[in-house]
Amino acid sequence: MFTAQNLISIGIAALLTAGLYAAMSYGLALIYGVMKVINLSNAGFLMLGAFMTLVYSDAWHLDPMLGAVVNLPVFFLAGWLLYTLLVRRVMAALPIASLLLLFAVWLVLQNVALLIWGSDDHSIITAYTYKAVEILGFRVPLTRLLVFAFALGALGVLHVVLGRTYLGKALRATVQDPQAAVLAGIDTERISALAFGLGTALAAFAGGLLTLLFSFTPAFGTDLQLKSFTIIVLGGLESFTGVMVGAAIVSFAESYAVLFMRASLQNVLSYALLVVALVVMPGGVAQLWTRHRS
Amino acid sequence: MRRYLRVGSVLFIVPALLLVLVSPGRPAAMPEIKVGTVLPLTGAFGSAGLYFRQGYQMAVDDVNNGGGLQVGSQKYHVNLIILDDGSNGTQSRSLVEKLVTDQHVNFLLGGYDTSLVEAQEVVPDQYKIPYVEGGGAASDIFKRGYKYLFGTLATVYDMGTTTADFLTYQMSQGKLPKPLTEAVVYENTDHGKDYINALTDEAKAHPDLFKIVLSQPFQLNGSDFSPLLQQVKAVNAEAFLSDAHLPDFITMQRQYLQLGMYSPFISYGARGPDQAGRRALGDGADYLVAALWWTPALKDPGSQLFTARYQQQFNATPDWFQALAYDTGRVLFAGVHNANSLDGTAVRDSLARLVFRSALIPGNVIRFGANGQIQGSPYVVVQNTPGNTVRIVWPRNLPETRDVTLPVPRMP
């Protein structure tokens, strides 16, 4: 079990899983960062993103990767509308109001999916579903590699958008100090709607990508959502690079833990990490990094 | 305006009431038996819950279309009340209680899967209402001394021993190496524990035949099995045996193939031929071997008729879920009929004595042991073949049994 070959194989699998975890957590981190709202409907949009990818695949034989990209504008609009019509109205209330509202949205999305697609397991099989590539003598599943590449690509695009564009600067300013952002002339209301739209689009994008790996039902995403919470807390809640690092911590811990403990305790490990992060370093790895630099 | 509204209401309401009174279903004078069931129509087990609903409904339709259930000198219309537990154990138990206290059901049909049946099984004895289930197969369900609980599924332990018998024969035919190294992964439930216990007992009893080189439990409804599968890959066993429910089976087999893994023999317990699994995995489900409680490949007249009826009604091929639900419903009705009474204790005693000879399961007979569990271990072993077909490969004495393809071909 502890051969170099096995340890490297586990490491590769963990790295690829980290990409998957990061992809499904970006949206959650973005919305929390800008609005301090925990988007419980994230899993619902992840699931709906998977089903819409199935629709594109059935109707137009669209590859799931392209389907995931098509999800971006479609769900950006859905998120924008959700914010404008509902979420905006509870922003001034206690945080529990938005939490309950978005939980209700999640339940509604699940039931809508149930009405349309039923409770059967659905999946998309492509020509490369079972294909793999050899990298330095190690077999790497092509679908996982693609999800990883897309997750890295999304991180890169987000990095550029946040760092180089007015929108990104306005978003970051709103994250850092909403009142100062208003004083600087930023329409924070509009920025919040944009952030919610973008966060929702990222969730649906991830849902589309995950169809390459998993079958899905209207209940899809529930376990992954819990994992996403752990990841964004570990990552410092507001940082995309932190999300990637948080995803890597969870993924590597889960993967290598199988060597020492029962695989059935994998989820327990994730939640233990969440508790430890909340108690020991509530600011996540971003806080540790800031402390180290200062 | 008010007058028009009144006239309008009368125009709509009177015909509606008349329609209710004359609607087909049952004669107005026929009394009703309420049968309740709590199924996972949503959540992780949603697909299986839907299949159980279909099977139960077919059994109820049989009775009602035949003029009702004869109990003593009276015929009764059967009213099936179904509630959805969302695949949640806590909710499942309280909904069964709700069926009894709010809906006043006379009898109960069981839910699906083992964990939800275990959550439900405490209620029937409390209210002395017979409960027949075909969705929970762990032997632990029947070790708690309940008297009003009856199960039509052979245990998962028996599934493990049936698989071992099948493997022993294949080794004797030179189709698999002897001794056979086994990597066993199983869900962390009573279902999974039954499976690993059976395989461990077989390995201890026959060290010359079986050698378990890996035994690992996994979390039910897991999202990522790749770390576990890396362990399986590392031990390079000749047989990969997994006890998994449908969603886990689909995810695990998909990841197994994506990791480029291969074993000369692969089985996921009772999973493999499920239509949902085959749709989700495509060619990736070919040549899997499964031990089942029923398959449409059985050629006995009852199974063939059921398959044809199901296909006609639902435009799909049935799996064991629907067939066992159908059997379970019919067993309950036979028990009620034989009891000549609607009294819970009388029906319970009738079920305990029942020998039901027109079941769909292999052997066609259902009778219960003292603990309420079906007697015998009526399993068939099947192998998926390309083109969404299956063939029965065990037991050898069935006329429809064919040779198994072993070692399984590598996926191109």
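Buried residues of helix H8 of chain B are Ser226(B), Pro227(B), Leu228(B), Leu229(B), Gln230(B), Val232(B), Lys233(B) and Ala234(B); here, buried means that 20 or more other C-beta atoms lie within 10 Å of a residue's own, exposed means 12 or fewer, and partly exposed is in between, with C-beta atoms placed from the backbone. Helices (H or I, at least four residues) and strands (E, at least two) are DSSP runs, numbered from the N terminus. That leaves H8(B) mostly covered, with eight of its 10 residues buried. The model is a predicted one, where local features need pLDDT of at least 70 and side-chain atom pairs count only at pLDDT 80 or more, while totals for chains, interfaces and linings use all residues. Residues are numbered from 1 along each chain as its sequence is written, and chains are lettered from A and ligands numbered from 1 in the order in which they are written.

What do the buried residues of H8(B) pack against? On the chain A side they meet H1 and helix H10 (240–257), and within chain B they meet strand S7 (180–187), S8, strand S9 (239–243) and H9.

In total, 35 residues of chain B are in contact with 33 residues of chain A, where contact means that the C-beta atoms of two residues, placed from the backbone, lie within 7 Å. On the side of chain B that touches chain A, at least two residues each come from helix H2 (46–65), strand S8 (210–218), helix H8 (226–235), helix H9 (246–258) and helix H10 (275–281) of chain B. Sorted by class, that side has 16 nonpolar, 18 polar and one charged residues. For these classes, Ala, Val, Leu, Ile, Met, Phe, Trp, Tyr, Cys and Pro count as nonpolar, Asp, Glu, Lys and Arg as charged, and the others, Gly among them, as polar.

Over in chain A, there is a helix pair to look at. The axes of helix H1 (residues 4–35) and helix H8 (residues 188–210) of chain A come within 7 Å and cross at roughly 170°; axes are lines fitted to C-alpha atoms, for helices over the stretch in contact, and angles run from 0 to 180 degrees between N-to-C directions. H1(A) and H8(A) are therefore roughly antiparallel to each other, a label for angles over 145 degrees, with under 35 counted as roughly parallel, 65 to 115 as roughly perpendicular and the rest as oblique. Among the residues making this contact are Gly27(A), Leu30(A) and Ile31(A) of H1(A), and Ala195(A), Phe196(A) and Gly199(A) of H8(A). The contact of H1(A) with H8(A) divides into 15 nonpolar, four polar and no charged residues.

Back in chain B, an open sheet of six strands runs in the order S2-S3-S1-S4-S5-S6, with mixed pairing; two strands pair if DSSP finds at least two bridges between them. Strand S2 (69–71) and strand S6 (149–151) of chain B stand at the edges with a single partner strand each, so one side of each has no neighbour in the sheet. On average, neighbouring strands of this sheet are turned by 30° against each other, direction ignored.

Inside this sheet, strand S1 (residues 32–39) of chain B runs parallel to strand S3 (residues 74–84) of chain B, joined by eight bridges. S1(B) also runs parallel to S4(B), with three bridges between them. Val35(B) stands opposite Leu80(B) in S3(B) and opposite Phe107(B) in S4(B), while Ile33(B) stands opposite Val78(B) in S3(B). Six of the eight residues of S1(B) are buried, so to speak a mostly covered strand. Helix H3 (residues 89–101) of chain B lies across S1, S3 and strand S4 (107–109) of chain B, running at about 170° to S1(B).Chain B is assigned two domains, domain 1 (33–154 + 300–367) and domain 2 (157–292 + 381–394), with bounds from an automatic or database domain assignment. The contact takes 16 residues from domain 1 of chain B and 15 residues from domain 2 of chain B. On the domain 1 side, H2 and helix H4 (114–120) of chain B each supply at least two residues.
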